[in-house]
Amino acid sequence: MRYEFLVGLRYTRSRKRAQGRNRFISFISLVSMLGIALGVAALIVVLSVMNGFQEELRTRILGVASHIQVHSVDGGLEAWQQVAEEAQRHPEVKAAAPYVQEQGMLSFDEAVRGTIVRGVIPSEEDKVAEFGRHMQAGAFEALQPGRFGIVLGRDLAHALRVRMGDKLTLIAPQGLVTPAAVLPRVKQFEVVGIFEAGMYEYDSALALVHLADAQALYRLGDAVSGVRLKLDDLFAAPRVARELALTISTAGLTVADWTRSHANFFRAVALEKTMMTLILFLIVAVAAFNIVSTLVMAVQEKYADIAILRTLGASPASIMAIFVLQGTIIGFVGLAAGVAGGLAIAHNLDVVIPALEALTGATLWNKEIYYINELPSQVLAADVVSIVSVSFVLTLLAALYPSWRASRVNPAEALRYE
């Protein structure tokens, strides 16, 4: 073992007989380690939660929405079969399904709720969405033409206080013009299923009916609102949408991909992740630069030792290496503890969050605010590597100046009063 490492390690360790200033320096070293550990752990946990939040939202949104929607500008698309066939000729389009989407009002007993009514063909919709996988009661295939069945989101069903088999009233905003007055179109639907997508936005405001029933209620004839498409690669949606806009021959259509329909939301999540990363790196930087004060005090305390080493032939570079190693050891131990703690918390958030809620009595995760019903976490190796790399560089930079000052100590001056 090189003597620089041996001396640096000895300076870092807290000796049992250390007293006064030596013990205080050891305490400051421990505080520096804990600061780095807390900062690194916080970075790993926060970035893991942001990654999981982003991925979970994308998965849940696209489990109910579609990768691409082709819809008519005037609201009625009659030749939807032709549009679906032309879209499916694209090599990256996996499936297509027609849909009708309108607004409505659901009423049951004294409860009334506004809703988005989506008319679908269950066998086709299963190819572009995942409603069948999210069913909590009933079956998605129970939507049959002419039966006037309806599948509700779990929170919407809870708000209306309906159960399987109950019959509720759907009121369409488009009215019937009669000589006496304009009367709203009203139809009774039977609850044949309840789904829970995990997205409050959909669970509380989406109702599914069969395409033919929606066409009859809203008097669309054979027309639909548009066609929903599913791709092999969801991240290719913007490019595929541009290509489809040029290849589909039907006029008066708009092609929109999921990145446009939810662009502001995902952009806000990405911006929040960036800002949180910068803020937490500042915490790590503050903890790293605590090493400066630790090493400055250590250098002041070890003036005599430095002078003796210099008189024995140690070079300024060796003296500098001793204190750089001391700062590096402090940073390494803090980084190791922070990575271990951060990974442990990030992988066990499903246990940590309920425990904190039980301990504090506060609700830390409200699905009505955060859109999803559980706190997700996704640890990315690239994030951990970047956190460790940047934190280690900060630690190393913090150790350079005090180490350089130590290498400039004049042995004669240091030993004058010893």
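1. Terms and model. A residue is buried when its relative accessible area is under 20%, exposed when over 50%, and partly exposed in between (1.4 Å probe, protein chains only). At 10% relative accessibility, H210 therefore counts as buried. This is a predicted model: local features need pLDDT of at least 70, side-chain atom pairs count only at pLDDT 80 or more, and totals for chains, interfaces and linings use all residues. Residues are numbered from 1 along each chain as its sequence is written, and side-chain values use heavy atoms, with hydrogens and water left out.

2. Confidence. pLDDT is the predictor's confidence in each residue, from 0 to 100. The protein chain averages 81. A score of at least 70 is reached by 88% of the residues. Among the elements, strand 5 has the highest mean pLDDT, 93. Helix 14 (residues 367-370) has the lowest, 57. Where pLDDT is low, the predicted coordinates should not be read in detail.

3. Overall make-up. The protein chain has 16 helices and 10 strands. These are DSSP runs, numbered from the N terminus: helices are H or I with at least four residues, strands are E with at least two. Of the 418 residues, 46% count as buried. The chain exposes about 21,000 Å², and carbon and sulfur atoms supply 59% of that area. Accessible areas come from the Shrake-Rupley method with a 1.4 Å probe; for residues, only the protein chains shown count as cover.

4. Contacts along the chain. Contact means heavy atoms within 4.5 Å. Take the contacts with a separation of 6 or more. Residues 24 or more positions apart account for 80% of them.

5. The cores. A nonpolar core is a set of buried Ala, Val, Leu, Ile, Met, Phe, Trp, Tyr and Cys residues joined through side-chain atoms within 4.5 Å. The largest has 69 residues. Within this core, I68, L106, I150, L152, L168 and L229 touch the most other members. Helix 2 (residues 21-64) gives the most to this core, with 6 residues. A second, separate core has 22 residues, including M33, A288, L335 and I387.

6. L152 up close. Set aside its neighbours within four places in sequence. L152 then contacts residues including L106, L168, V191, F195 and L206.

7. Aromatic pairs. Rings of Phe, Tyr and Trp (its six-membered ring) pair if their centres lie within 6.5 Å; planes under 30 degrees apart count as stacked, over 60 as edge-to-face and the rest as tilted. By this rule there are 4 aromatic pairs. F148 and F189 form an edge-to-face pair, 5.4 Å centre to centre with 80° between the planes. F148 lies in the loop between strand 4 (135-138) and strand 5 (149-153), and F189 in strand 7 (residues 182-195), so the pair ties together parts that are 41 residues apart in sequence. Both F148 and F189 are buried. Ring pairs also link F131, F140 and F195 into a cluster.

8. A charge over a ring. The rule asks for NZ of Lys or CZ of Arg within 6 Å of the ring centre and within 35 degrees of the ring normal. K187 lies over the face of F148, at 4.3 Å from the ring centre.

9. H210 again. H210 lies in strand 8 (residues 206-210). What does H210 touch, not counting residues up to four places away in sequence? The list is G119, V120, I121, P122, L143, Q144, P145 and G149. H210 and I121 are 89 residues apart along the chain, yet their C-alpha atoms are separated by 5.8 Å.

10. G327. This glycine lies in helix 12 (residues 316-346). Buried or exposed, at 0% relative accessibility? G327 counts as buried. With residues up to four places away left out, G327 touches I291, L295, T395 and A399. G327 and I291 are 36 residues apart in sequence and 6.4 Å apart in space, C-alpha to C-alpha.

11. Positive phi. R161 is not a glycine, yet it has a positive phi of about 60°. R161 lies in the loop between helix 5 (154-160) and strand 6 (167-177). With a relative accessible area of 58%, R161 is exposed. R219 also has a positive phi without being glycine, near 55°. R219 lies in the loop between helix 7 (211-217) and strand 9 (226-231). At 59% relative accessibility, R219 counts as exposed.
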